Amino acid sequence: MSSDTKTLDVSVWRGDSAGGKFERFQVPNQQSQTILDVVVWIQQKIDPTLAYRYACRVGMCGSCAMMVNGEPRWTCRTHVLKVIRDNRIEVAPLRNLPVIKDLATDMDPFFTKWVKAEGVFHPTSSRDDDIVKVNPSSDDRILADAAIECINCAVCYASCDTVQGNPEYLGPAALNRAWTLVNDEKDGKRADILDAVSQRGGCHNCHSQGSCAKFCPNELSPITSIAGLKRETIKSFFKGR
Amino acid sequence: MLTFRLFMLQRVTALIMAPLVLGHLAVMVYAIRGGLSTGAILSRTQGSLPWAIFYGTFVVAVSIHAAIGVRVIAAEIFHMRGLLLNALSWALCAFLLFAGLRAVLSVTAL
Ligand code: SF4
Ligand code: SF4
Ligand code: FES
């Protein structure tokens with residue numbers, strides 16, 4: 001452990017979509033320091049051109065995810081002490097996404113797939129209608145609630161080997177969102193969602209090995225949601241859609 | 001590289017294979033413990049339509065199931081796509097069908 005070492009040996013990936021390499025920085029080791037603190041320190045004290053992304057710093061916005069020592073993490077809530085190895089930290093842009101610059105990835109493919117998975121709310125009433133009550137203890141609502149607290153950080157997406165092998169695959173986050181909507185009694189397009197997740201690149205490509213659930217910082221289980229989608233698509237197949 | 005149809009085909013063939021594998025294991029245990037000779041086994045399988053159907057079904061299910069599985073590996077690990085991927089899948093399916101059905105035929109034909 002490094003608590004008695006005064007400086008951290010930090011390698012940060014520098015480059016863009018054309019390529020790049022790691023650059024090493026010496027960063028003061030402080031107490032209760034997060035990986036995001038380290039990246040901010042480098043940008044503020046050593047190299048103002050370092051590009052990265054964050055907003056809330058408290059694990060709400062989902063914008064700060066990066067690869068830390070080879071694993072995807074929300075950097076604002078990852079303590080240096082938790083991940084450091086031999087006093088070294090390696091920070092790289094999220095896997096499975098194109099790099100814009102340095103640590104900032106292009107999230108477009110990630111969110112395009114949410115839309116492709118019909119991971120968007122399909123309202124059944126207008127603002128003129130009364131608000132429909134949702135029973136929080138109904139079976140469907142319990143399923144939806146278990147998957148709802150996603151912060152769109154793409155940590156699961158970066159951890160998924162199926163996304164890596166098959167760039168068409170919608171990925172754990174988009175499918176997890178689709179699953180919440182399938183179970184949302186206010187959503188009006190259940191059949192369309194099941195259809196959308198049954199296309200090429202859909203939920204049936206998931207290998208059920210669970211990296212997504214292992215790495216999700218909010219302890220969600222996209223693999224469970226995807227298993228639910230598989231079950232429901234099979235059911236609706238036998239019912240003749 | 002799994003479409004919903006391929007996924008369903010793979011699940012259904014797995015469902016078909018499961019009891020047939022158990023049946024096959026039971027037959028093997030029976031044949032070995034009963035000390036049946038090759039001749040005794042062949043005398044029961046040759047000309048037997050039930051055995052031809054039993055192992056024929058197994059071969060068909062295996063050929064489809066394995067071809068789909070290898071297709072996914074070829075696509076995800078070796079980044080094979082399009083025509084090549086389809087050709088590989090069909091070729092493997094055809095080969096397994098040919099080899100398997102030939103074997104079934106040789107023990108069940110008169
Ligand atoms: S369980 Fe499925 S979605 Fe999750 S990481 Fe594995 S392949 Fe990806
Ligand atoms: S499911 Fe978890 S890891 Fe994936 S985007 Fe949502 S919060 Fe992040
Ligand atoms: S900065 Fe918002 S989740 Fe990390």
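**Figure 1. Aromatic cluster of chain A.** Phe110(A), Phe111(A), Trp114(A) and Tyr157(A) belong to one aromatic cluster in this view of the structure. The model shown here and in the following figures is predicted. Taken over all chains, the structure contains 11 aromatic pairs.

**Figure 2. The ring pair of Tyr52(A) and Tyr54(A).** The close-up is centred on two tyrosine rings whose centres are 5.8 Å apart. Their planes meet at 5°, and because planes under 30 degrees apart count as stacked, the pair formed by Tyr52(A) and Tyr54(A) is described as stacked. The two residues fall into separate accessibility classes: Tyr52(A) has a relative accessible area of 17% and is therefore buried, whereas Tyr54(A), at 34%, is partly exposed. The limit applied to the buried class is under 20% relative accessible area.

**Figure 3. An edge-to-face pair in chain B.** Phe54(B) and Tyr55(B) form an aromatic pair. The centres of the two rings are separated by 4.9 Å, and the angle between the planes is 75°. This arrangement is classed as edge-to-face, since planes over 60 degrees apart fall into that class.

**Figure 4. Surroundings of Gly20(A).** Gly20(A) is located in strand E2 of chain A, which comprises residues 19-28. Its relative accessible area is 47%, so Gly20(A) counts as partly exposed. When neighbours within four places in sequence are left aside, the contacts of Gly20(A) are with Trp13(A), Arg14(A) and Gly15(A). The view also includes Lys101(A): this residue is 81 residues from Gly20(A) in sequence, while the C-alpha atoms of the two are 9.4 Å apart in space.

Figure 5. The secondary structure of chain A consists of 10 helices and seven strands. Along the principal axes, its C-alpha atoms fill a box of roughly 65 × 35 × 30 Å. Chain A has 241 residues, and 49% of them count as buried. Of the contacts in chain A between residues at least 6 apart in sequence, 64% link residues at least 24 apart. The accessible surface of the chain amounts to about 12,500 Å², and carbon and sulfur atoms account for 50% of this area.

Note on methods
Residues numbered from 1 in each chain as written. Chains lettered and ligands numbered in written order. Predicted model: local features only at pLDDT ≥ 70, side-chain atom pairs only at ≥ 80, totals over all residues. Heavy atoms only, no water. Helix = DSSP H or I, 4+ residues; strand = E, 2+ residues; numbered from the N terminus. Buried < 20%, exposed > 50% of the residue type's maximum accessible area, 1.4 Å probe, protein only. Contact = heavy atoms within 4.5 Å. Areas by Shrake-Rupley, 256 points an atom, 1.4 Å probe, with all protein chains shown as cover. Phe/Tyr/Trp six-rings, centres within 6.5 Å; stacked < 30°, edge-to-face > 60°.
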